[in-house]
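Me: I want to learn how to read a fold from its coordinates. Where do we start?

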Amino acid sequence: ATPEIYTLSLHDALPICLTRAFVLDGRQNGGIPAVILEQFGPIVLAGLTRRHNHSLDPDVMYGRISTQWREFAESADVIPALPPLLGYGIGLGIDRGTKTMDYFCGFVVPSAERVPDGISCLALPPLRCAVFSHQRHVSRILFTLEAIFSSVLPREGMRPTAGGPSFIQRYGESFDPDTGLGGMDLLIPVA
């Protein structure tokens, strides 16, 4: 796609916002929002994992994942989370054939040994990630991810890594779970 078509599809057709500057080769690349690379991890997280069926309606998928976060919040006070209290949502095991995705939501913990029974633990190794900022409502993440995977990564000659998380949502302290606003980073492990 040409930069003009790409910019139109990202900013006008899809309800997303990728705001970081392109820094892979030290230039802005025509103002097209693109990639910042970051070394992420190793990290240990405690939380809740659920399998979800993909839905053509992003609001349905958002509702399912919101319910998972609420279930997790009911038990989160027993988790020895490390400050700052950043939430992480992680897409694992996305299967396009069965249209399912395992989704983990949780917080960083000092070690797996201190995680109470009934809480899932996820240890991630060091990952090289492409980082994007998502500033729209959380229910619009599926559109942002689709643009990243179908347009941005191929354009930059990057490919997602195999065998690990497909994406990582990093929620900061400014994120408001009641409104679904406040922004987050989307990290995509890349080769």
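Me: Are Trp-69 and Tyr-171 buried or exposed?

Reply: Both Trp-69 and Tyr-171 are buried. Buried means under 20% relative accessible area, exposed over 50%, partly exposed in between (1.4 Å probe, protein chains only). The model is predicted: local features need pLDDT of at least 70, side-chain atom pairs pLDDT 80 or more, while totals for chains, interfaces and linings use all residues. Residues count from 1 along each chain as its sequence is written, and side-chain values use heavy atoms, without hydrogens or water.

Me: How many aromatic pairs does a search of the whole structure find?

Reply: A pair of aromatic rings is described by the distance of the centres and the angle of the planes. Here the search finds five pairs. Centres must lie within 6.5 Å, using the six-membered ring for Trp; planes under 30 degrees apart are stacked, over 60 edge-to-face, the rest tilted. Trp-69 and Tyr-171 are edge-to-face because their centres are 5.6 Å apart and their planes stand at 80 degrees. The pair links helix H2 (58-75) to strand S7 (167-171), across 102 residues. Helices (H or I, at least four residues) and strands (E, at least two) are DSSP runs, numbered from the N terminus. Trp-69 and Tyr-171 also belong to one aromatic cluster with Phe-72, Phe-107 and Phe-175.

Me: Which residues of H2 are buried?

Reply: Pro-58, Met-61, Ile-65, Ser-66, Gln-68, Trp-69 and Phe-72. Down the axis of H2 they fall within an arc of 160 degrees, so they line one face. The arc is taken from the directions from helix axis to C-beta atoms. Arg-70 and Glu-74 are exposed on the face turned away. The cover over the buried residues includes S2, S3, S4, H3 and S7; contact means heavy atoms within 4.5 Å.

Me: What is the strand order of the sheet?

Reply: Strands of a sheet pair through backbone hydrogen bonds, either parallel or antiparallel. This open sheet has eight strands, ordered S1-S6-S8-S7-S3-S4-S2-S5, with antiparallel pairing. Pairing takes at least two DSSP bridges. S1 (36-40) and S5 (120-124) are the edge strands, each pairing on one side only. The twist averages 35 degrees from one strand to the next. Six bridges join S6 (127-134) to S8 (184-189). Cys-129 stands opposite Pro-189 in S8.

Me: Which strands does H3 lie across?

Reply: H3 (141-155) lies across S6, S7 and S8, at about 40 degrees to S8. H2 lies across S2, S3, S4 and S7, at about 135 degrees to S2. Axes are lines fitted to C-alpha atoms, for helices over the stretch in contact; angles run from 0 to 180 degrees between N-to-C directions.
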